[in-house]
Structure formats: C-alpha cells, structure tokens
Amino acid sequence: MRALSADNLVAKVPLVWRALATALLLGLVLLALVEQRARILRGGTEIRLRSVPVDPRDLFRGGYVILAYPISTVEAEAAGQPGFQRGERVYVSLGRDEQGFAKATGVTRDWPKAGEDIVVIAGRVTANSACATNANGDVDCSGRRNRLRITYGLESYFVPQGEGKAIETTDKARIEVVAAVSSSGEAAIKRLLIDGKPVYAEPPY
Amino acid sequence: MLTGSYRKRLEADLPRWVTEGWLTAENAGAIRRSVAREQGGIRLPAVLGLLGGLLIAASVAAFVAAGWEDIPRLVKLAMILAAIVASIAYAFRLERQGSPRGADAAVTCGVLIFGAGLALVGQMYHLPADWPGGALLVALGGLIAAVLMRSNGALAIALIAICAWSGGRWEEARSGAHLGFFILYLPALWLSLSRDNRLVHHLVVLAAASWLAMAPGYGLFDRFDYGLLAYGLALAVFYVALGALALDRGLPSVLTACLPWGLLGLVLVLNTELIRILDRDEARAGHAFRFVFLAYAVAIPVVAVLAGFARERRFAWPLAAGLAFALLVPALFWTGIVTAMAGKIIVASLVLLAATALVVAGSVGGIRRLVLAGSVLFGVAILILLWQTIGTLLDQSLFFLVAGAALLAIASGARRLFARLNPPEKEAA
C-alpha cells in the first residue's frame, strides 16, 4: 500500500526537478491556450457577422458585452437529422448574403463537404427548441420551434472597465463583428466595428 | 489523525495518569514530544503565509478583472507567468528550509495565480464565459502542482474545480451522469490516500457525494421526485457504514471523512420523510427508480459487512440496526400503507428507533458524532411529531407513552445485552 502511494513515488524525483516541471507545465498550459487562440486570429478565414440584440438585462455583465448573431439560431433540417441534443458539438456551414454577412446554410453532426465560398464553423448546441431571429433581429416564436440555439465562442467581448456602457447603449444593428474561423472550425473575434468603422481590433498577441 | 483537540485532551489526561501512577513522568514527556513532533512544529507562520498568499492571488485576480489597458496584454501575461514561477521557486526554498507547510502555501498561491492567468487569457481572446472549461484547466493545473509539489492546498483547489467542471457540464447537457468526472477524480483520490490533511479528505468525500447526487440525471431534479429522498437515504447509509467501518478496521483515513456527511444526510432525509408522511397531501405511495435500487444494492452489503466484520460488535451492531431501520422507511412508502394510520406509526417508530440506535452506537463506541447525530434526529423527530401529530394529540400522547416505556425497558436490559454481545476481555494481571 505504502509503496503505491502517489507521494512516495513522486518523492523519488529530486525536488528541484519537480519544482521546475511544475512551473514549466503551468506556464505551458497558459501559453498553449494563448497560441491556440492566436493561431485562429493569424490564419483563420474572416467572416462578417451582424450583431442582433440580446436580452438587455444580460447585455453588460461584469467586464464584458454579450453578443448574439443571426447564426446563433439555426434551422435544423428535418430530413435525415435525428434530434440534436443539448451540449452536442455541431458544424454549421456558412454562406454569404447580398451584403457579405455570414448566414447559416446548414447544420450537421459531422464535418460537411465544403464547397466554394463555404466556411464551416464549429459550435455547441445550447437549446434545441429555440425561437428564430428574423432579419430585423427580432425574436420570432411563431411557426415550428425546431431551431437550435448554438454558441460559437464569439458571444462575449471583454472591454476595458467603464467602456462596456458605450457599446451597451449603441444600437445593436450598428455593431458588426469580424471573426476568424480556423480550418478546423474554431472561431475567434478579430474586430468589432460600429457603423462599419473599426472600434476595437485584436492582434494575435 | 492528530487534531488540536486531541492534544488538549492529552494535556489534561497525562498529569492525571501520572498522579494515578499508571504512567511515569518520563513516559508522559516522551508522549508529549512524540505528539508535538507529529503536529509538525510551529504552524503559525505557515497559516499566516497561506492567508497572505491568498490575498496576493486575490489581488492578481482583481487586477485581471479590472481589464486595465495601460499595460499591454503580453506584459500582463508575462507578469502572471513570472508570478507563477516566483511562487514555485519560493515553495522550493521553503521546502528546502524544512517548512513543508509554508511550501504548500506558496504552491497554493501559485495555482490560484495560474487560475487568474486563465481568466486573463480568456479576456485577451474574448473566450466565452465557458466556466466549466475554465474549471477543467484549473483542475488540471491544481493536480499537476498537487502531484509534483505534494501540495494539499493545490489538491483542495483541484477537487473544488473538478466538481465545478463536472457540475457545469452536467447542467449543460441536461442528461444523466457525467462520466468524465472520474478521469480527474480518480488521480485526486489516489493522491488523497497518501495525505493526512483533513480538508483534503472531506473534499474528496464531498466531491464523490456531489457526483453521486447528480448521477440520476438533471430531469429528476427538474420535476422533483420523492424517489430522490430514498436515493439520498441509501447514499447516506452507505457513507455512514463506510465511515464507521473505516474507523473500526483502521481503513485509509480518507474514508472516515464519510461519517459526518453521511450522518448529516441521514438526519436530513429521515426528518423530511417524517414531515412528509404526516402531511395530508404529501403522504402518497412512492416508487423506486433504477438509481434507488442501485444505491440500495450498494448500501445493504456495506451495512452487512459492518455488522459482520467490525472488530467492536457492541458498536457496530446497534449502528447497523439503526441504518437498517432507516433503509426500511422508503420501502414502507413503496408498499403504499403510508396513507393509513399504521404506516404513519411504523415510519415514526422506525425514525425514533434509528435515532436511538445511533445514540447507542455512539455512546458504546465513544464516537461523539454518532451521539450528536442520533440526538438531533431524535429531538427534531419529536418536535415534528408534536407539530404534525399522528391522529389527534391524544393519540400522539399515547404514541409517546408507548415509545418512552419501550425505551425504558430497553435501557434496563441494555447492560446485560451488551455484556453478552461482547464480553470485556479479562485483564491478564
């Protein structure tokens, strides 16, 4: 029993090596997280996203602004797609509308066959009977409630303390987000624009 | 397990034993020195160091949360990395100087700064508020530090983070048990077996309890089912039996931490069942679901092992009997007789019997927690019975009279009973 004790096994390694390994591993976890995000920002395909209003009470929470997009609710196709579960990872194919903003063209469980001008973004289902958001950004609960609410990791935007109110009071229709989507579908916010003018830009580092 | 209260008790007893002539003054001194050595020297600097470390980590966290833009993000990240390295380096120095507790405090501070660093990276790259994902990384960092630096503080942080991660994922998925929990919990459990830190022991036991509580799935909590009470009762019985067995047979001391939490659950669930059966609307026949059967299938054998294999039968048998009485309560709900007067009388009697058995086991075994839990269960049960009576107050008075008379009868026979169960060993001299 004592021979198999974790502390006895670890004690065979000199303390100096253990301390070095601890500091190194903790640092590496942080740096790996940074690099994973920076890689998306450096090499990802850019998509433009229109922002739509979310519940105003939730808009500014602590140090960040909560954002939602038309692609946050996606119509699940009826054919050949058994019901999606909450928490499930899905891939959404994005096309472009006339103004160049991204719009969802389909949602699948597996990586879809990408065509010309199609960007695939990975997301997680947070609700499977959501109401739709129409072109004006209003919530429309009429009709079938078979839409999925999907998060892509683009839903929060941290702003310096005190500056959140400014974005909060801005009309959501004027806010636009440019995101980078990596070849594996991970997305990160790259720029935030108001009336088409960049307000915040995110360098990789 | 040497606690402060044990040392105080010893300080009071040693002079008495010396005056009685059972112990020489030299032996008493040797015992004092041995206890002082196991207590690990002076603790005050380490305690103050831990508090100071916590404050520094909190300062880093608040600094990150402020999102102050005057310092470039990369410089902030470098500061966090430097702070982690400094904490670990300081821990190394303290460990070398022979202050393991101080080193533990420094490592704990380092892990907390690592958590603040994760928040900073989340802020830099606008990571969504995926707090279970963040908790998972904190748990990983905590486990790394707990293994390599043999830190109890880091292990405690890791255990809390594991629960937050697992609970968050469970809540998100709205489905059954989150099995991923064990990937991190089992290593933490393994580490805790070689630790003698009571906080770590309690956290290990509570983490398992939280997973077990969530295992039946989100849906059952959403539309509350009384079967959950039976499930909770079986788990509480399992914890009490396991804790008592660990105390009796000298199993790893982490298991003894099951006892207080099991007792707490037992008292809460039994009193809730009693309130429920006396309520006109809530006294309905219940039903068991799969997890209730599973919990019973685990609890009953452990109670049987406690009764069969305990070293001190005078303590184990009353306890096992009390636990068996408790397990019968939900079974009565399943039979459906709970709506009749007979069912109410039987449930009330079972709860009082279980309470009495706990007090008996606690007094015989010298485990104050059992006596306390049994007394609280007994006292609250009587208050509930007076508040929501079985039948009229006159019927209730008759019930108490019979129950009191039965207890007095048992008390008069108890001495002989215990003497027969486990005759005291004849002293050699």
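# Close-up views of a two-chain predicted model

**Figure 1. Overview of chain A.** Chain A contains 4 helices and 14 strands (DSSP runs numbered from the N terminus, helices being H or I of at least four residues and strands E of at least two). This is a predicted model, in which local features need pLDDT of at least 70, side-chain atom pairs count only at pLDDT 80 or more, and totals for chains, interfaces and linings use all residues. Residues are numbered from 1 along each chain as its sequence is written, while chains are lettered from A and ligands numbered from 1 in the order in which they are written. Of the 205 residues of chain A, 31% are buried (20 or more other C-beta atoms within 10 Å of a residue's own; exposed is 12 or fewer, partly exposed lies in between, and C-beta atoms are placed from the backbone). Among the contacts in chain A with a separation of 6 or more, 63% join residues 24 or more positions apart (a contact has C-beta atoms, placed from the backbone, within 7 Å).

**Figure 2. The loop of chain A that holds Gly185(A).** Gly185(A) sits between strand E12 (175-181) and strand E13 (187-194). Gly185(A) counts as partly exposed because 19 C-beta neighbours lie inside 10 Å. Leaving out residues up to four places away in sequence, Gly185(A) touches Tyr91(A), Val120(A), Ile121(A) and Ala122(A). Trp111(A) is 74 residues from Gly185(A) in sequence, with 9.1 Å from C-alpha to C-alpha.

**Figure 3. The loop of chain A that holds Arg109(A).** Arg109(A) belongs to the loop between strand E6 (102-108) and strand E7 (119-130). Arg109(A) has 12 other C-beta atoms within 10 Å and is therefore exposed. Its C-alpha atom is 6.1 Å from that of Tyr91(A), 18 residues away along the chain.

**Figure 4. The side of chain B that touches chain A.** Here 40 residues of chain B are in contact with 34 residues of chain A. The largest share of this side of chain B, 10 residues, comes from H4(B). By type, the residues of this side are 29 nonpolar, 6 polar and 5 charged (nonpolar: Ala, Val, Leu, Ile, Met, Phe, Trp, Tyr, Cys and Pro; charged: Asp, Glu, Lys and Arg; polar: the others, Gly among them).

**Figure 5. The largest nonpolar core.** This core has 176 residues, and Ala241(B) is one of those with the most contacts inside it (a nonpolar core is a set of buried Ala, Val, Leu, Ile, Met, Phe, Trp, Tyr and Cys residues joined through C-beta atoms within 7 Å). Helix H11 (residues 227-249) of chain B gives the most to the core, 16 residues. Not counting residues up to four places away in sequence, Ala241(B) touches Ala299(B), Val302(B), Val303(B), Leu306(B) and Leu323(B).

Note on methods: Contact = placed C-beta atoms within 7 Å.
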